Every structure is written in structure tokens, then in C-alpha cells.
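Please consider them alongside the sequence and the coordinates.

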Amino acid sequence: MAFFKSSEEFYAVIQKGFDQLATDPKTTEDFHKRHMVVDIRGTDPTVEILLDGRTNPITTAFGPYSGKSDLKLELSTDLFNEILLGKASVKAAFTGGKVKVSGNIFRALQLRDLFYQISKLYPTILREMGYDV
């Protein structure tokens, strides 16, 4: 059974996290320096997040995106949730083939700091929104 019942539930949580990161541009400075556009697609429920590092603070958009991105990641929404909770390893997910990457794999590794920054906030956000973690 999926952790999130709908894409709207997931979007509400992740939006709150990125809104909090935006209050301190230093938290996304590393990602911004890379000037990347990243499209993250999740399954069960189906979600799509666009991260635009060409702006500071970074810009996020939720829902289908048909433009050009530097990198596209595809993974289950549950795995993304587990990564942000620290229950799954980013490295193991990539090397184990659980994340499909379109684009330069080395650019994908540059997301580590951004994932780290959001994962510091993520468990608290889930609890505040009534999720059991």
C-alpha cells in the first residue's frame, strides 16, 4: 500500500518543504550554482516535480511538464519518500536500478545536497501534516 493516497497529498507535503527551503536561499545554493532543470517523476501515485535551479531560490512546479530538462529521474513515490525520510539510500537506489535516469548520471549525483537539505525538514513536515513517521 502506497504511503500517499493521492498525488495531491504528496504535492502538499513536498511543496511545504520547498517553501521552507526558499526562506533561506543558502539551503539551495549548491543546486542553484549548477543551473540545472530537473524533472522528477514518481509512480503510485503518479507525481511530477520540476526543480529549476536557474533561479535563486529555486523554482518548483508540480504536475506534467513537457519542456526540456537537463535531467529526468523516475522512481516510485514510496522510494522517494523513503529517501527523504533517510530510510533508503540515494546511492543504493541509483546503483540498484530503482531510479531510472535520463541525462547525465553524474549530474544526478549533484542532487545529493538538495535531497539532504529537504530531508532535514521532511519528517517534521509529515508529522505536522498528520502523517505517522
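1. Axes here are lines fitted to C-alpha atoms, for helices over the stretch in contact, and angles run from 0 to 180 degrees between N-to-C directions. The model discussed below is a predicted one.

2. Helix α3 (residues 77-85) packs against helix α6 (residues 112-128) at an angle of about 95 degrees, and their axes are 7 Å apart. Angles of 65 to 115 degrees count as roughly perpendicular, and α3 and α6 are therefore roughly perpendicular to each other.

3. On the α3 side, the contact is made by F80, N81, I83, L84 and L85. Their partners in α6 are F115, I118, S119, Y122, P123 and L126. By class, the residues of the contact of α3 with α6 comprise 9 nonpolar, 2 polar and no charged.

4. H35 is not a glycine, yet its phi is positive, at about 50 degrees. This residue, H35, sits in the loop between α2 (29-33) and β1.

5. Which residues form a nonpolar patch on the surface? The patch consists of I105, F106 and L109, which together have about 320 Å² of accessible area. Of these, L109 is part of helix α5 (residues 105-109).

Terms used
Residues numbered from 1 in each chain as written. Predicted model: local features only at pLDDT ≥ 70, side-chain atom pairs only at ≥ 80, totals over all residues. Heavy atoms only, no water. Patch = residues over 30% accessible without salt bridge, like charges linked within 9 Å, V, L, I, M, F, W, Y side chains within 5 Å. Areas by Shrake-Rupley, 256 points an atom, 1.4 Å probe, with all protein chains shown as cover. Salt bridge = Lys/Arg side-chain N within 4 Å of Asp/Glu carboxyl O. Helix = DSSP H or I, 4+ residues; strand = E, 2+ residues; numbered from the N terminus. Parallel < 35°, antiparallel > 145°, perpendicular 65-115°, else oblique. Contact = heavy atoms within 4.5 Å. Nonpolar A, V, L, I, M, F, W, Y, C, P; charged D, E, K, R; others polar.
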